[in-house]
Amino acid sequence: MSGDALRYGSAGVDIDASNSAKQRIRKLAESTFTKGVVGGFGGFGGMFRMPPNLVKPVLVSSADGVGTKIKVAIEARRHDTIGRDLVNHCVNDVLVQGAVPLFFLDYVAFGKLEPAVAEAVVAGVAAAVVRTVAR
């Protein structure tokens, strides 16, 4: 077995693009933090401290996808709208259950990571989260 077989690059992972994307989205992600957020950017899980004024709290969460809208966004070269759409789907799912959106947790996946595209998607997510999540 060659030494290259044990490297991320041999599996198609571009570490430099990953580091660039993380550097680009750090401030965007941090701009969405509310006072309940515990920890910082880049952890392996999200942590949230429940507001102390809630009686018998129940957390409601939602994860969604943008589905075929990604094709339209790629063709239009307009990726920030995907993030807004994603947040709005999740916020609506939480609201219809009578809950208040307190945090947003989702993931971003790419076949080939382009840091500028990742930044545009996360910019849309951040803009929507800042407008819709309870502060």
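This report describes the predicted model of the protein, from its overall make-up to individual residues.

## Overall make-up

The protein has 135 residues, of which 24% count as buried, and its C-alpha atoms fill a box of roughly 60 × 35 × 25 Å when taken along the principal axes. Its secondary structure comes to 4 helices and 2 strands, and these elements follow the pattern α-β-β-α-α-α when read along the sequence.

Among the contacts with a separation of 6 or more, 63% are made by residues 24 or more positions apart.

## The largest nonpolar core

In soluble globular proteins, nonpolar side chains tend to be buried together. In this model the largest nonpolar core has 6 residues in all, namely Val87, Val91, Val125, Ala128, Val129 and Val133. Two elements give two or more residues to this core, helix H3 (80-95) and helix H4 (115-132), and of the contributing elements H4 gives the most, with 3 residues.

Val129, a member of this core, touches Thr32, Val87 and Phe104 when residues up to four places away in sequence are not counted. Val87 is likewise listed in the core, whereas Thr32 and Phe104 are named here as contacts of Val129.

## Helix H4 and what covers it

The length of H4 can be checked against its residue count: at 1.5 Å a residue, its 18 residues should span 26 Å, and because the end C-alpha atoms are 26 Å apart, the model agrees with that expectation.

The buried residues of H4 are Pro115, Val117, Ala118, Val121, Val122, Gly124, Val125, Ala126, Ala128 and Val129, and what covers them includes helix H1 (15-30) as well as H3. An α-helix has 3.6 residues a turn, so residues three or four places apart point the same way. Among the buried residues of H4 are Val121, Val125 and Val129, and of these Val125 and Val129 also belong to the largest nonpolar core.

## The second largest pocket

Rolling a probe the size of a water molecule over the atoms shows where empty space is left. In the second largest pocket of this model, that space comes to about 360 Å³. The pocket is lined by 23 residues, and Val60, Val94, Val100, Pro101 and Leu102 are the ones that lie nearest its centre.

By residue class, the lining of this pocket divides into 19 nonpolar, 4 polar and no charged residues.

Lys27 is found in helix H1 and has a relative accessible area of 71%, which is over 50%, so Lys27 is exposed. Between Lys27 and Gly67 there are 40 residues of separation in sequence, and the two are 27 Å apart in space, C-alpha to C-alpha.

Asp93 is found in helix H3, where its relative accessibility of 31% means that it counts as partly exposed. When residues up to four places away in sequence are left out, Asp93 touches Ser62 and Asp64. The C-alpha atoms of Asp93 and Gly43 are separated by 25 Å, with the two residues 50 apart along the chain.

## Residues in loops

Two residues other than glycine have positive phi values: Lys56, with phi near 50°, and Arg77, with phi of about 55°. Lys56 lies in the loop between strand E2 (47-48) and helix H2 (69-76), and because its relative accessibility is 78%, Lys56 counts as exposed. Arg77 lies in the loop between H2 and H3, and its relative accessibility of 73% is the reason that Arg77 also counts as exposed.

Ser31 is found in the loop between H1 and strand E1 (37-38), and at 38% relative accessibility Ser31 counts as partly exposed. Ser31 and Ser20 are 11 residues apart in sequence, and their C-alpha atoms are 18 Å apart in space.

Methods:
Residues are numbered from 1 along each chain as its sequence is written. This is a predicted model: local features need pLDDT of at least 70, side-chain atom pairs count only at pLDDT 80 or more; totals for chains, interfaces and linings use all residues. Side-chain values use heavy atoms; hydrogens and water are left out. On a 1 Å grid over the protein atoms alone, a cavity is a set of points where a 1.4 Å probe fits but cannot get out, and a pocket is an open set with protein on both sides within 12 Å along at least five of seven lines; lining residues have an atom within 4 Å of a point. Grid points are joined across faces, edges and corners, and a volume is the space filled by probe spheres set on the points. Ala, Val, Leu, Ile, Met, Phe, Trp, Tyr, Cys and Pro count as nonpolar, Asp, Glu, Lys and Arg as charged, and the others, Gly among them, as polar. A nonpolar core is a set of buried Ala, Val, Leu, Ile, Met, Phe, Trp, Tyr and Cys residues joined through side-chain atoms within 4.5 Å. Buried means under 20% relative accessible area, exposed over 50%, partly exposed in between (1.4 Å probe, protein chains only). Contact means heavy atoms within 4.5 Å. The expected span of a helix is 1.5 Å times one less than its number of residues.
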